[in-house]
Amino acid sequence: MAITGIKGFNDILPGEVEKWQRIEATARRVFEIYGFSEIRVPIMEKTELFSRSIGDATDIVEKEMYSFTDKGENRVTLRPEGTAGVMRSFIEQKLHVLDPVTKLYYMGPMFRYERPQKGRYRQFHQIGAEVVGVTNPRIDAQVLIMLCHFFQELGLTEPTLQINSLGCPECRPLYRAALKEYLEQRREELCDDCRRRMETNPLRALDCKVPGCGVATKDAPSVLDHLCQGCDDHFAAVRRHLDVTKTPYSVNHRMVRGLDYYTRTTFELVTGLLGSQSAVAAGGRYDGLIEELGGPKLPGIGFAMGVERVALLLSGEGFARVPDLFIAAHGEAAGDEAFRLMTLLQGEGFRVELDYEGKSLKSQMRRADKLGARFTLIIGEDELATGQGMLKAMADGSQVALPLAASPLAAALSCS
Ligand code: ATP
Ligand code: MG
């Protein structure tokens with residue numbers, strides 16, 4: 001019996017992978033316009049990094065992490081998200097010494113033990129960005145504008161931006177207490193998870209997918225009514241900068257995040273097209289995280305998007321690359337000539353295919369068709385003798401006679 005892959009771990013095959021490449025290339029291009037540089041950090045870190053940053057009472061740390069003890073008795077975890085590792089590296093490598101403002105982006109696989117379904121997998125991929133060192137709300141607005149710019153570049157009108165503020169260590173405890181009191185009165189209507197979370201993380205009840213909890217929390221107090229002056233001013237300034245730059249958004253005061261480190265501005269890019277997997281990208285400010293991890297007292301803000309979900313939004317679009325030219329050859333000597341021309345043209349940057357197995361001309365042409373080659377060239381005894389061949393445009397069937405040499409072929413391939 002053949003060995004299968006692990007449940008929730010996917011292969012990304014040719015035909016689909018071109019979409020991923022386009023997403024990644026667009027992210028690099030757009031993020032670099034805004035001054036971000038790529039950082040690559042390991043996919044495995046010490047388990048304590050995640051429990052300390054993401055928070056012990058979060059779903060991720062409570063039940064979703066791929067943690068194990070390695071052969072040296074070290075507790076390690078496959079990263080469930082990117083921020084913790086990037087901040088660990090930022091602190092360890094003292095990146096703030098190089099520049100007081102650090103803008104980084106990353107892309108790669110993340111791992112969470114969740115129930116696999118459309119848009120939710122156990123190995124999934126994120127592209128994320130982080131800015132360290134800026135408290136001014138203009139950076140919050142800029143990060144959001146960059147994210148919207150990215151989706152525009154992909155030609156997507158979904159997802160749309162929702163923002164909220166979760167307050168700070170000064171005002172959030174007050175909100176938490178008010179929310180907890182509200183939830184206590186509706187304890188009977190809440191699911192088991194929310195009843196349990198009421199003590200450790202009551203905000204999660206606002207985000208619970210169980211319908212009863214949605215009804216029970218409908219009139220729950222709003223975090224936005226509990227912000228301290230500093231947080232209120234910060235949030236107003238973020239909105240003002242989005243308004244003046246005509247960046248569309250809506251305020252969702254029920255939005256909470258599944259990670260403990262968020263403060264003040266939080267946001268999600270949501271879509272109605274992916275069922276309950278509605279969040280395509282999410283993030284926020286994390287002003288206490290770097291210090292919490294033993295680093296300098298510096299503020300941060302960032303986001304991560306789920307590449308699988310972005311790819312689902314792009315579905316239906318064909319990105320498969322087609323050959324520029326398929327050379328069909330008849331006979332051994334013609335095969336050699338086809339190989340020589342292919343190599344020269346590939347050196348010039350053209351995508352060229354041929355048949356390696358000496359198949360019939362008819363079967364070679366079938367393959368050229370199947371691959372969707374833009375042009376075909378047949379080389380047989382006559383063509384070898386005259387040094388001339390017919391280049392055929394597959395779109396309209398038009399043909400042109402050309403010398404069997406790299407430069408006239410290259411000119412013909414590139415002019416249409
Ligand atoms: P959700 O509410 O869908 O569980 P989340 O709040 O856990 O998302 P984050 O931890 O903020 O998500 O991660 C950012 C993004 O990564 C999400 O918006 C989503 O697009 C993507 N993502 C998160 N978990 C998964 C997963 N298991 N499979 C695929 N994509 C995921
Ligand atoms: Mg989740």
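Let's start at His125, which touches Ile12, Trp20, Gly108, Pro109, Met305, Gly306, Val307 and Glu308, leaving aside residues up to four places away in sequence. Bear in mind as you look around that this is a predicted model. His125 has its place in strand β6, which covers residues 123-132. Is His125 buried or exposed? With a relative accessible area of 14%, His125 is buried, because the cut-off for that word is under 20%.

Now hop over to Glu337, in helix α12 (residues 332-347). Glu337 also has a relative accessibility of 14%, so it counts as buried. Which residue does the side chain of Glu337 join in a polar contact of 3.0 Å? That partner is Arg340, and the contact runs from side chain to side chain. Again leaving out residues up to four places away in sequence, Glu337 touches Ile379, Leu384 and Leu404.

Next, a pair of helices. Find α1, residues 17-33, and α5, residues 137-153; they pack at an angle of about 140 degrees, and their axes are 10 Å apart. What do we call an arrangement like that? Angles over 145 degrees would count as roughly antiparallel, and this pair is at about 140 degrees, so α1 and α5 are oblique to each other. Their crossing is right-handed. On the α1 side, the contact is made by Arg22, Ile23, Thr26, Ala27, Arg29, Val30, Phe31 and Ile33. Helix α5 brings Met146, His149, Phe150 and Glu153 to that contact. Sort these residues by class and you get 7 nonpolar, 2 polar and 3 charged.

Helix α6 (residues 172-185) packs with helix α7 (residues 192-200) at an angle of about 150 degrees, and here the axes are 10 Å apart. This time α6 passes α7 in a left-handed crossing. From α6, the residues making the contact are Arg176, Lys180, Leu183 and Glu184, and from α7 they are Met198, Glu199 and Thr200. How many charged residues does the contact of α6 with α7 have? There are 4 charged residues, along with 2 nonpolar and 1 polar.

Most residues other than glycine have a negative phi, and most peptide bonds are trans. Walk past the end of α5 into the loop between α5 and β7 (160-165), and you'll find Pro159 there. The peptide bond leading from Glu158 to Pro159 is cis, with omega near 0 degrees.

Then come two residues with positive phi. Lys246 has a phi near 55 degrees, a positive value in a residue other than glycine. Lys246 sits in the loop between α9 (229-244) and β8 (250-251). At 73% relative accessibility it counts as exposed, since the cut-off for that is over 50%. Arg264 has a phi near 50 degrees, again positive in a residue other than glycine. Where is Arg264 found? Look in strand β9, which spans residues 263-270. Arg264 is buried, with a relative accessible area of 16%.

Methods:
Residues are numbered from 1 along each chain as its sequence is written. Chains are lettered from A and ligands numbered from 1 in the order in which they are written. This is a predicted model: local features need pLDDT of at least 70, side-chain atom pairs count only at pLDDT 80 or more; totals for chains, interfaces and linings use all residues. Side-chain values use heavy atoms; hydrogens and water are left out. Axes are lines fitted to C-alpha atoms, for helices over the stretch in contact, and angles run from 0 to 180 degrees between N-to-C directions. Helices (H or I, at least four residues) and strands (E, at least two) are DSSP runs, numbered from the N terminus. Angles under 35 degrees count as roughly parallel, over 145 as roughly antiparallel, 65 to 115 as roughly perpendicular and the rest as oblique. A crossing is left-handed if the near helix is turned anticlockwise from the far one by less than a right angle, and right-handed if clockwise. Contact means heavy atoms within 4.5 Å. Ala, Val, Leu, Ile, Met, Phe, Trp, Tyr, Cys and Pro count as nonpolar, Asp, Glu, Lys and Arg as charged, and the others, Gly among them, as polar. Buried means under 20% relative accessible area, exposed over 50%, partly exposed in between (1.4 Å probe, protein chains only). A polar contact is a pair of N or O atoms within 3.5 Å; within protein, one must be able to donate a hydrogen and the other to accept it, and residues adjacent in sequence count only if both atoms are side-chain atoms.
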